[in-house]
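Biologist: Please take me through one part of this model in detail, contact by contact. I would like a single connected account, with the numbers kept in.

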Amino acid sequence: EIALDSNLLTGTLPSELGTWSALSLFSIGSNSLTGSVPTELGLLSSLQYLDLYNNSMHGTLPTELAQLFSLVWLNIANN
């Protein structure tokens with residue numbers, strides 16, 4: 001699990017996140033992240049909880065996220 005909410009983080013999400021196949025929770029809301037959601041997040045087959053709320057991300061969601069069959073929570077509000 002990775003929970004880094006409200007940590008004043010900046011920059012973009014690295015595509016290398018897609019190599020963490022055992023990751024089940026990724027919460028990085030209320031930061032100042034920019035860029036788009038990396039397509040590689042679609043490789044996180046164990047991901048159940050993805051929270052990217054309240055950042056400055058843009059673009060469309062990658063279609064690869066449809067491969068996250070374990071995903072039960074997705075929050076992308078306020079981007």
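Modeller: Start with Pro-38. Leaving out residues up to four places away in sequence, Pro-38 touches Leu-13, Pro-14, Ser-15 and Pro-62. The model is a predicted one. Pro-38 sits in the loop between β4 (32-33) and β5. Its relative accessibility is 9%, so Pro-38 counts as buried, the cut-off being under 20%. Asn-55 comes 17 residues away from Pro-38 along the chain, and their C-alpha atoms are separated by 15 Å.

One of the partners of Pro-38 is Leu-13. The largest nonpolar core has 16 residues. Leu-13, Phe-26, Leu-41, Leu-47 and Leu-52 are the members that touch the most others. As a general rule, nonpolar side chains in soluble globular proteins tend to be buried together.

Take Phe-26 next. Phe-26 belongs to strand β3 (residues 25-27). Its relative accessible area is 3%, so Phe-26 is buried. Beyond four places in sequence, Phe-26 touches Ile-2, Leu-13, Leu-17, Leu-47, Tyr-49, Leu-50, Asp-51 and Leu-52. Phe-26 and Leu-52 are 26 residues apart in sequence, yet 8.2 Å apart in space from C-alpha to C-alpha.

Leu-47 is another of the core residues named above. With neighbours within four places set aside, Leu-47 is in contact with Leu-23, Ser-24, Leu-25, Phe-26, Leu-68, Ser-70 and Leu-71.

Asp-51 lies in strand β5. Asp-51 has a relative accessible area of 4%, so this residue is buried too. Which side chains make polar contacts with the side chain of Asp-51? One is Tyr-49, at 3.0 Å. Another is Asn-75, at 3.3 Å. Not counting residues up to four places away in sequence, Asp-51 touches Phe-26, Ser-27, Ile-28, Gly-29, Trp-73 and Asn-75.

Asn-75 carries the account into strand β6. Setting aside neighbours within four places in sequence, Asn-75 is in contact with Leu-50, Asp-51, Leu-52 and Tyr-53.

Then the surface. Leu-61, Leu-74 and Ile-76 form a nonpolar patch there, with about 220 Å² of accessible area together. Leu-61 is in the loop between β5 and β6. With a relative accessible area of 37%, Leu-61 is partly exposed.

Asn-54 is in the loop between β5 (49-51) and β6 (73-75). Its phi is near 55 degrees, a positive value in a residue other than glycine. Most residues other than glycine have a negative phi. Asn-54 is partly exposed, at 35% relative accessible area.

Asn-78 also has a positive phi, near 60 degrees. Asn-78 is in the segment after β6. Its relative accessible area is 58%, so Asn-78 counts as exposed, the cut-off being over 50%.

Definitions and conventions. Residues are numbered from 1 along each chain as its sequence is written. This is a predicted model: local features need pLDDT of at least 70, side-chain atom pairs count only at pLDDT 80 or more; totals for chains, interfaces and linings use all residues. Side-chain values use heavy atoms; hydrogens and water are left out. Helices (H or I, at least four residues) and strands (E, at least two) are DSSP runs, numbered from the N terminus. Buried means under 20% relative accessible area, exposed over 50%, partly exposed in between (1.4 Å probe, protein chains only). A polar contact is a pair of N or O atoms within 3.5 Å; within protein, one must be able to donate a hydrogen and the other to accept it, and residues adjacent in sequence count only if both atoms are side-chain atoms. Contact means heavy atoms within 4.5 Å. A nonpolar core is a set of buried Ala, Val, Leu, Ile, Met, Phe, Trp, Tyr and Cys residues joined through side-chain atoms within 4.5 Å. Patches are made of residues with over 30% relative accessible area and no salt bridge: like charges are joined within 9 Å, nonpolar side chains (Val, Leu, Ile, Met, Phe, Trp, Tyr) within 5 Å. Accessible areas come from the Shrake-Rupley method with a 1.4 Å probe; for residues, only the protein chains shown count as cover. A salt bridge is a side-chain nitrogen of Lys or Arg within 4 Å of a carboxyl oxygen of Asp or Glu.
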